[in-house]
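Have the model open while you read.

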Amino acid sequence: MKNQKIYGLVAFESGTGAMGKEGKLLWHLPSDLKHFKNLTKNQTVIMGRKTFDSIINACGSPLPQRENIVLSKKTTNIDTYKDVLFVDSMDKALEHSKGETVFIIGGGEVFKTFSNIFCGVYATILDTHKTDNADTFFPIDTLNQFTKKEIIGKFYENSIKYQIIFFSR
Ligand SMILES: NC(=O)c1ccc[n+]([C@@H]2O[C@H](COP(=O)([O-])OP(=O)(O)OC[C@H]3O[C@@H](n4cnc5c(N)ncnc54)[C@H](OP(=O)(O)O)[C@@H]3O)[C@@H](O)[C@H]2O)c1
């Protein structure tokens, strides 16, 4: 096993953990996107296949300037995206990742299964209540295993108040 630092990176609604609907995010928060980009640039990002599909739908390509690794039991996309590594287990994702720092970026299913391996979580926590619309949730109870270490920023954008907080074990 490599000596890797594995972080969760997520944005969710306070109280409910709501994080997505029908393959999309429920909000547009420019400062959070900038934070995501700065943190993960030139690093490895690991994601579930549905999150990968949602990135392709939204951006038209895998995340640039990052090593993209996608968890999937299927082999459908393997030939379409040559720069993306598709693997069928987290062990393989971590084994093949080039970086010592790895960000697991979702979605709900992947967070539910793998939050136990995070050494820390970068959580963007929104002060909104759109639960009626959501179909994907971050398992917020898992944050009980972590300690709030740092408030990275407080923001108000597109009528949404939110904080970016770093939690560690
Ligand atoms: N707010 C946020 O921070 C945030 C972040 C990311 C995503 N999202 C949202 O979350 C939603 C997607 O999340 P989701 O829970 O539906 O799906 P997901 O976790 O992104 O992907 C699930 C898929 O990943 C693959 N997978 C999961 N665990 C695996 C394992 N142990 N081994 C191999 N493959 C595995 C499977 O793919 P196959 O079916 O191909 O086998 C599974 O169907 C979207 O709405 C997206 O916008 C929000």
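## The middle of the sheet

Strand 3 (44-48) and strand 6 (101-104) run parallel and are joined by 3 bridges. Here strands (E, at least two residues) and helices (H or I, at least four) are DSSP runs, numbered from the N terminus, and two strands pair if DSSP finds at least two bridges between them. Within this pair, isoleucine 46 has isoleucine 104 in strand 6 as its bridge partner.

A word on what you're looking at: this is a predicted model, where local features need pLDDT of at least 70, side-chain atom pairs count only at pLDDT 80 or more, and totals for chains, interfaces and linings use all residues. Residues are numbered from 1 along each chain as its sequence is written.

On to the other parallel pairs. Strand 3 also pairs with strand 4 (residues 67-71), in the parallel sense over 5 bridges, and valine 45 stands opposite asparagine 68 there. Strand 6 pairs with strand 1 as well, again parallel, over 4 bridges, with isoleucine 6 opposite valine 102. Strand 1 in turn pairs with strand 7 over 7 bridges, also in the parallel sense; phenylalanine 12 has isoleucine 125 as its bridge partner in strand 7.

Put together, the open sheet has 8 strands in the order 5-4-3-6-1-7-10-9, with mixed pairing. Strand 5 (85-87) and strand 9 (147-157) are at the edges with a single partner strand each, so one side of each has no neighbour in the sheet. Neighbouring strands are turned by 20 degrees against each other on average, direction ignored. (Axes are lines fitted to C-alpha atoms, for helices over the stretch in contact, and angles run from 0 to 180 degrees between N-to-C directions.)

The antiparallel part involves strands 7, 10 and 9. Strand 7 pairs with strand 10 in the antiparallel sense over 7 bridges, and leucine 126 has tyrosine 162 as its partner in strand 10. Then 9 bridges join strand 9 to strand 10, also antiparallel, with glycine 153 partnered by isoleucine 164. Strands 9 and 10 form a hairpin with 2 residues between them, and asparagine 158 in the turn has a positive phi of about 45 degrees.

How many residues of strand 9 are buried? The count is 0 among its 11 residues, so to speak a strand that is hardly covered. A residue is buried if 20 or more other C-beta atoms lie within 10 Å of its own, exposed if 12 or fewer, and partly exposed in between, with C-beta atoms placed from the backbone. By that rule, 5 of the 7 residues of strand 7 are buried, so strand 7 is largely enclosed by the rest of the structure.

## Helices and core

Helix 1 (residues 30-40) lies across strands 1, 3, 6, 7, 9 and 10, and runs at about 135 degrees to strand 9. Helix 2 packs on the sheet too, touching strand 3 and strand 4, and its direction makes about 105 degrees with that of strand 3. Contact here takes C-beta atoms, placed from the backbone, within 7 Å.

The largest nonpolar core has 36 residues, and Leu9, Val10, Ile46 and Ile104 touch the most other members. Strand 1 gives the most to this core, with 5 residues. Such a core is a set of buried Ala, Val, Leu, Ile, Met, Phe, Trp, Tyr and Cys residues joined through C-beta atoms within 7 Å. Leaving out residues up to four places away in sequence, leucine 9 touches Phe36, Leu39, Phe103, Ile104, Ile105 and Tyr122.

Isoleucine 105 lies in the loop between strand 6 and helix 4. Isoleucine 105 counts as buried because it has 26 C-beta neighbours inside 10 Å. Beyond four places in sequence, isoleucine 105 touches Leu9, Val45, Met47 and Thr51.

Glycine 107 has its place in that loop between strand 6 and helix 4 as well, and counts as buried with 22 C-beta neighbours inside 10 Å. Not counting residues up to four places away in sequence, glycine 107 touches Gly20, Gly48, Lys50, Thr51 and Thr136.

## Around the ligand

Which residues are closest to the ligand? Of the 29 that surround it, they are Gly20, Gly48, Gly106, Gly107 and Gly108. A residue counts as near if its C-beta atom, placed from the backbone, lies within 6 Å.

Strand 1 (5-13), strand 2 (18-20), strand 3, helix 2 (49-59) and helix 4 (108-114) each supply at least two residues of this shell. By class, the shell has 10 nonpolar, 12 polar and 7 charged residues. Ala, Val, Leu, Ile, Met, Phe, Trp, Tyr, Cys and Pro count as nonpolar, Asp, Glu, Lys and Arg as charged, and the others, Gly among them, as polar.

Technical notes:
Two residues are in contact if their C-beta atoms, placed from the backbone, lie within 7 Å.
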